[in-house]
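Please look at the sequence and the model shown below before reading on.

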Amino acid sequence: RASPKKLVRWCYVGASKDVLSEIDRNLADAMNVARNVLLNSRVLPGGGATEMAVSVGLTQRAKSIKGGAARPYQCVADALEIIPRTLIANCGGETMRLLTELRSIHMQNPLSSTGIDGTKGCIADMKKPQTYGKPYVVKHKQSKTAIESAVMLLRIDDVVSGMSKKSNLVEEDHKTSNAADEDTFGDERDG
């Protein structure tokens with residue numbers, strides 16, 4: 001049986017208002033993480049392992065699709081590889097060699113939890129408790145927000161390019177009508 005809810009009161013002590021607001025923000029972040037884990041206890045491996053696994057899956061899916069419809073899958077796959085690439089670069093590792101090796105591991109075993117050890121800059125198994133990444137809920141929301149943002153930017157680009165095409169057509173139409181007026185200058189039709 002679940003225990004009854006209890007009220008907890010926190011008392012912050014800090015040297016300035018800035019320190020107190022930082023403590024408050026950190027505590028709020030910690031409470032949100034705890035809430036997310038309680039709501040959905042699934043946790044995904046860190047070190048770019050999740051991103052590489054999804055990237056490899058999307059690349060394989062893109063290869064099975066013909067034509068231009070495969071391009072979005074490949075673009076998202078390429079974008080997801082930036083995370084392990086950045087981890088390798090920040091650790092001072094050999095980026096291309098380690099990234100290729102990590103991709104190969106994930107192609108051989110799609111359920112692999114292998115990623116980049118952020119302290120050593122090498123490939124390691126991310127199933128250890130200290131290397132687990134974010135809760136599933138957080139990764140899901142990050143991915144959803146990233147895709148929605150990309151779609152929004154593409155829509156804005158379509159609107160802007162549509163407006164520029166429309167203004168170009170109006171300018172061409174205006175030039176054509178002015179050219180017709182100029183052709184009659186000094187003509188017998190002018191009187």
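Two residues are said to be in contact when they have heavy atoms within 4.5 Å of each other. This is a predicted model, in which local features need pLDDT of at least 70 and side-chain atom pairs count only at pLDDT 80 or more, while totals for chains, interfaces and linings use all residues. Residues are numbered from 1 along each chain as its sequence is written, and side-chain values use heavy atoms, with hydrogens and water left out.

**The chain as a whole**

The protein chain has 6 helices and 4 strands, where helices (H or I, at least four residues) and strands (E, at least two) are DSSP runs numbered from the N terminus. Read from the N terminus on, these elements follow the order α-β-α-α-α-α-β-β-β-α. Of the 191 residues, 21% count as buried; here buried means under 20% relative accessible area, exposed means over 50%, and partly exposed lies in between, with a 1.4 Å probe and protein chains only. Among the contacts with a separation of 6 or more, 51% come from residues 24 or more positions apart.

**How the helices pack**

Two packed helices are described by the angle between their axes and the distance between the axes. The axes are lines fitted to C-alpha atoms, for helices over the stretch in contact, and the angles run from 0 to 180 degrees between N-to-C directions. Angles under 35 degrees count as roughly parallel, over 145 as roughly antiparallel, 65 to 115 as roughly perpendicular and the rest as oblique.

| Helix pair | Angle between axes | Distance between axes |
|---|---|---|
| α2 and α5 | roughly 70 degrees | within 9 Å |
| α3 and α4 | about 20 degrees | 4 Å |
| α4 and α5 | roughly 140 degrees | within 9 Å |

The axes of α2 and α5 cross at roughly 70 degrees, and α2 is therefore roughly perpendicular to α5. Their crossing is right-handed, a crossing being left-handed if the near helix is turned anticlockwise from the far one by less than a right angle, and right-handed if clockwise. On the α2 side the contact is made by Ala 49, Met 52, Ala 53, Val 56 and Gln 60, and on the α5 side by Leu 99, Leu 102, Arg 103, His 106 and Met 107. By class these are 7 nonpolar, 2 polar and 1 charged residues, where Ala, Val, Leu, Ile, Met, Phe, Trp, Tyr, Cys and Pro count as nonpolar, Asp, Glu, Lys and Arg as charged, and the others, Gly among them, as polar.

Helix α3 (residues 71–80) packs against α4 at an angle of about 20 degrees, so α3 is roughly parallel to α4. Asp 78, Ala 79 and Leu 80 of α3 meet Ile 82, Ile 83 and Pro 84 of α4, a contact with 5 nonpolar residues, no polar ones and 1 charged.

Helix α4 (residues 82–91) and helix α5 (residues 95–108) cross at roughly 140 degrees, and the two are therefore oblique to each other. This crossing is right-handed. The residues that make the contact are Pro 84, Arg 85, Ile 88 and Ala 89 of α4, together with Thr 95, Leu 98, Leu 99 and Leu 102 of α5.

Is His 106, which has a relative accessible area of 1%, buried or exposed? His 106, in helix α5, is buried, because its relative accessible area is 1%. Leaving aside neighbours within four places in sequence, His 106 is in contact with Ala 49, Met 52, Ala 53, Val 56, Ser 112 and Thr 114. Ser 104 also has its place in helix α5, but at 32% relative accessibility Ser 104 counts as partly exposed.

Thr 59 is found in helix α2 (residues 49–63) and, at 17% relative accessibility, counts as buried. With neighbours within four places in sequence again left aside, Thr 59 is in contact with Gln 74 and Ala 77.

**The strand pair**

Strand β2 (residues 114–117) and strand β3 (residues 122–125) pair in the antiparallel sense over 4 bridges, given that two strands pair if DSSP finds at least two bridges between them. The bridge partner of Ile 116 in β3 is Ile 123. The hairpin of β2 and β3 has 4 residues between the strands, and in this hairpin Gly 121 takes a positive phi near 75 degrees.
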